[in-house]
Amino acid sequence: MAKKIKASMKRNPRFSALMILVQIETNQAYSNLLVHREMEKMSVSGKDKGLLTEIVYGTISRKLYLDFCLAPFIAKAKKVDTWVKTLLELSVYQLLFLDRVPDHAVLNDAVEIAKARGNEGIGKFVNGVLRNIQRKGVPSTETVADPLERLVLEISMPRWLVETLLEQLSMEEVKQLGLSLFTPSRVSARVNPKYISLDSAVAELLEEGIEVNRSSVSPYGVIGEKGFLAGSQLFEFGYLTIQDESSMLVAPAMQLEPQHQVLDACAAPGGKTTHIATYLDPSKGGKVTSLDIHEKKLTLIKENAERLHVEDVVETQLLDARKVNETFADETFDRILVDAPCSGLGLLRRKPDIKYSKAKKDLAALQKIQSEILESVASKLKVSGILTYSTCTITMEENDEVVELFLKNHPEYEKIEVLGSETVPLSVENQTVKIFPQQYNTDGFFICCLKRNAK
């Protein structure tokens with residue numbers, strides 16, 4: 001029978017952080033969903049919510065390094081339960097990286113949580129380990145002779161992933177990439193120019209007390225500096241929507257025209273569908289058909305389209321993108337977007353747990369699905385139409401190799417320049433856009449445009 005925890009302890013942000021981290025560790029639950037759920041039910045101050053978020057994301061982001069720091073101090077223990085080790089990790093994270101949190105508060109809470117969740121003995125063990133770390137300090141990564149292993153610890157990234165990134169980046173670039181992921185992600189929003197100009201949106205947000213800067217990546221984007229963008233009136237009116245800057249480059253790259261018939265083959269939750277829709281005119285026959293494999297996600301797309309006032313050009317359909325070739329006639333669409341299911345390794349700043357839940361073999365499995373989707377849509381594009389392939393990942397297996405394989409099997413297609421990419425010059429290579437998180441402090445992203453020529 002589980003031990004009863006006092007209500008006062010459940011309101012402690014460090015205790016809540018521990019519960020979330022244990023669920024991620026044992027059930028491979030998603031950090032962003034758990035944090036969001038905890039925020040909704042917490043009856044504590046915004047300051048405590050901020051501390052909880054910082055502890056959860058910081059501890060996950062640096063887990064391998066924290067384990068390295070802890071190892072010599074728990075080596076002689078016969079057994080350390082998962083939750084106790086996690087409590088030590090989050091405590092060490094605070095001691096090492098949170099300047100504004102007093103050490104005595106970290107130690108006191110850790111011991112009280114250990115006693116409440118376990119017993120007096122575990123409380124003494126936790127107290128002993130943390131005080132020992134205070135006295136002796138943590139080991140230096142400089143003591144690790146293997147440079148690759150040292151990099152793994154410094155950026156807290158699994159060795160297979162570091163080795164994968166080293167296939168396309170130098171060791172220094174991988175280090176910069178990994179270190180950049182320790183900085184918090186920025187909140188960005190896309191303004192709908194049909195209803196409001198960027199200048200007017202910035203002015204109105206400022207009037208609401210929300211400070212933003214213009215995005216240097218997208219002409220439609222703003223970056224939140226202070227205040228809650230999703231709580232603004234402009235968000236409520238459907239004049240802006242939350243979206244990462246890098247993904248705002250997709251719709252302009254498709255070279256859309258008002259009358260176009262567009263297929264968004266993997267559309268949920270609808271961020272790119274609604275952006276595409278802003279270029280289309282229903283009076284001229286423009287329409288985007290948005291597919292997803294889950295009914296629930298189609299509802300999300302519809303809700304987003306209604307909120308953003310583009311529902312008149314958005315049609316949703318329940319369909320596996322790999323079945324497109326069985327459903328639509330050849331040469332139905334002027335433009336096709338395949339924003340393919342992927343490992344999500346470009347999202348590590350906002351979802352750091354992804355790096356521990358994925359494995360090298362997952363990339364090969366995803367590459368197969370990505371290729372099947374491209375194959376399925378290939379004949380549905382009109383001659384002279386544009387097929388845009390994008391992912392929110394940064395591995396060659398899921399990006400360059402998928403495109404090259406497709407082009408090998410489809411000589412009627414050719415790679416073309418990605419329009420709009422002049423805002424991200426560091427990321428343009430071989431007619432593709434490859435954004436790494438350290439370059440513009442955005443999500444990692446990949447975009448490639450393929451034009452269909454006559455047979």
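Which side chains meet in a salt bridge at 3.4 Å, N to O?

1. Basis. This is a predicted model, in which local features need pLDDT of at least 70, side-chain atom pairs count only at pLDDT 80 or more, and totals for chains, interfaces and linings use all residues. Residues are numbered from 1 along each chain as its sequence is written, and side-chain values use heavy atoms, with hydrogens and water left out.

2. Domains. The protein chain divides into domain 1 (7-139), domain 2 (147-181), domain 3 (187-242) and domain 4 (245-452); the bounds come from an automatic or database domain assignment. The centres of domain 1 and domain 4, taken over C-alpha atoms, are 39 Å apart. Their contact takes 12 residues from domain 1 and 7 residues from domain 4, contact meaning heavy atoms within 4.5 Å.

3. Interface of domain 1 and domain 4. The two domains bury about 690 Å² between them, 57% of it on carbon and sulfur atoms (buried area is the accessible area, 1.4 Å probe, that two parts lose on being put together, summed over both). On the side of domain 1 that touches domain 4, α3 (31-41), α4 (46-61) and α5 (63-74) each supply at least two residues, and α4 gives the largest share, 3 residues. Helices (H or I, at least four residues) and strands (E, at least two) are DSSP runs, numbered from the N terminus.

4. Annotated region. UniProt places "domain: SAM-dependent MTase RsmB/NOP-type" (unreviewed entry) at residues 177-453; such annotations may be inferred rather than shown by experiment. Over residues 177-453 the chain is 29% helix and 25% strand. For "active site" (unreviewed entry), UniProt lists Cys392. Cysteine 392 lies in the loop between β9 (381-391) and α19 (400-409). Leaving aside neighbours within four places in sequence, the contacts of cysteine 392 are Cys342, Gly344, Leu345, Gly346, Leu347, Gly444 and Phe445.

5. Salt bridges. The pair asked about is aspartate 146 and arginine 159. By the rule (a side-chain nitrogen of Lys or Arg within 4 Å of a carboxyl oxygen of Asp or Glu), the count comes to 28 salt bridges. Aspartate 146 is in the loop between α8 (120-136) and α9 (147-155), and arginine 159 is in helix α10 (residues 159-165), 13 residues apart.

6. Backbone points to check. Most residues other than glycine have a negative phi, and most peptide bonds are trans. Glutamine 255, in the loop between α14 (250-253) and β5, has a positive phi of about 55 degrees. The peptide bond from alanine 268 to proline 269 is cis, with omega near 5 degrees; proline 269 is in the loop between β5 (261-264) and α15 (271-277).
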